[in-house]
Amino acid sequence: MSGEQVLVVARELCPDRAAWHGLRTAGLPAFLEVIARDGRFAPRDVMEQDPTQKQIIPYLVLRDGDRYFLMRRTRAGADRRLHDRWSIGVGGHLNPGDDGLLGGLRREWREELDADFEPAFEPIALLNDDTTDVGAVHLGVVFFADARGRPVTVRENDKLSGFFAGAAEVATVADDLETWSRLVFEAIEPKAAEGVS
């Protein structure tokens with residue numbers, strides 16, 4: 001982490017000071033303007049310990065019609081906490097040179113996924129989870145995109161596997177979804193997520 005600069009916005013500038021949990025659509029357009037106007041870069045190692053700042057993370061949920069691009073982390077990754085965890089989101093920190101939120105999302109798309117196209121990215125909600133130390137210093141901007149039948153694979157297939165899956169199939173691994181993915185899935189697929197403990 002040493003030396004990495006990441007985009008942050010002061011918590012006090014977030015909708016309701018980020019005192020909410022899960023997905024939120026209210027205030028999304030205005031907050032996108034706040035990110036562009038008031039976001040600043042700061043050292044990641046410092047920001048990881050500062051809940052007065054929110055590190056902004058573009059978080060892409062890729063679909064193909066009604067199916068989700070579902071990824072599973074293998075045991076080859078460095079962070080043991082993520083081994084065998086599932087995700088329906090692709091995202092990462094914004095760095096200098098990314099050219100804003102969309103530029104960072106496009107970089108993540110190229111780095112994480114292998115596809116011969118770039119879809120239209122549509123911002124749909126804000127995502128917040130202050131229940132963990134990690135969540136307390138991050139805020140997601142959730143985007144949807146549709147593959148429209150075009151093939152997509154993961155780039156680092158030693159660390160990840162990925163495929164398109166219906167909501168019922170995602171529900172079978174919901175207990176093992178990473179926190180943000182689970183929050184997104186439960187918000188947009190409440191019926192499929194019913195009965196998941």
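## Phe 144 in strand E10

Phe 144 lies in strand E10, where strands (E, at least two residues) and helices (H or I, at least four) are DSSP runs numbered from the N terminus. The model is predicted: local features need pLDDT of at least 70, side-chain atom pairs count only at pLDDT 80 or more, and totals for chains, interfaces and linings use all residues. Residues are numbered from 1 along each chain as its sequence is written, and side-chain values use heavy atoms, with hydrogens and water left out.

Phe 144 counts as buried because its relative accessibility is 17%; buried means under 20% relative accessible area, exposed over 50%, and partly exposed in between, with a 1.4 Å probe and protein chains only. Leaving out residues up to four places away in sequence, Phe 144 touches Leu 60, Val 61, Arg 63, Ala 120, Phe 121, Glu 122, Ile 124 and Ile 188, a contact being heavy atoms within 4.5 Å. Phe 144 and Val 184 are 40 residues apart in sequence, and their C-alpha atoms are 11 Å apart in space.

## The second largest pocket

Phe 144 also belongs to the lining of the second largest pocket, together with Arg 63, Gly 65, Pro 119, Ala 120, Glu 122, Ala 145, Asp 146 and Arg 148. On a 1 Å grid over the protein atoms alone, a pocket is an open set of points with protein on both sides within 12 Å along at least five of seven lines, and lining residues have an atom within 4 Å of a point.

The volume of this second largest pocket is about 160 Å³, a volume being the space filled by probe spheres set on the grid points, which are joined across faces, edges and corners. Strand E10 (residues 138-146) gives the most to the lining, with three residues. By class, the lining has four nonpolar residues, one polar and four charged. Here Ala, Val, Leu, Ile, Met, Phe, Trp, Tyr, Cys and Pro count as nonpolar, Asp, Glu, Lys and Arg as charged, and the others, Gly among them, as polar.

Leu 62 is found in strand E4 and is buried, with a relative accessible area of 3%. Among its contacts beyond four places in sequence are Trp 109, Leu 113, Ala 145 and Val 152. Leu 62 and Gly 162 are 100 residues apart in sequence and 11 Å apart in space, C-alpha to C-alpha.

In the largest nonpolar core, of 33 residues, those that touch the most other members are Phe 31, Ile 56, Leu 62, Leu 113 and Val 152. Such a core is a set of buried Ala, Val, Leu, Ile, Met, Phe, Trp, Tyr and Cys residues joined through side-chain atoms within 4.5 Å. A second, separate core has 24 residues, including Val 61 and Leu 183.

## Helix H3

Helix H3 has 13 residues and reaches 18 Å from its first C-alpha to its last, close to the 18 Å expected at 1.5 Å a residue; the expected span is 1.5 Å times one less than the number of residues. Among its buried residues are Leu 101, Leu 105 and Trp 109. The buried residues of H3 pack against H1, E4, strand E7 (90-91), strand E8 (113-114) and E10.

## Two arginines with positive phi

Arg 17, in the loop between E1 and strand E2 (22-24), has a positive phi of about 55° although it is not a glycine. Arg 17 is exposed, with a relative accessible area of 54%.

Arg 148 lies in the loop between E10 and strand E11 (153-154). Its phi is positive, about 55°, although Arg 148 is not a glycine, and Arg 148 counts as exposed at 66% relative accessibility.

Terms used: 1 Å grid on protein atoms, 1.4 Å probe; cavity = no way out; pocket = protein on both sides within 12 Å on 5 of 7 lines; lining within 4 Å.
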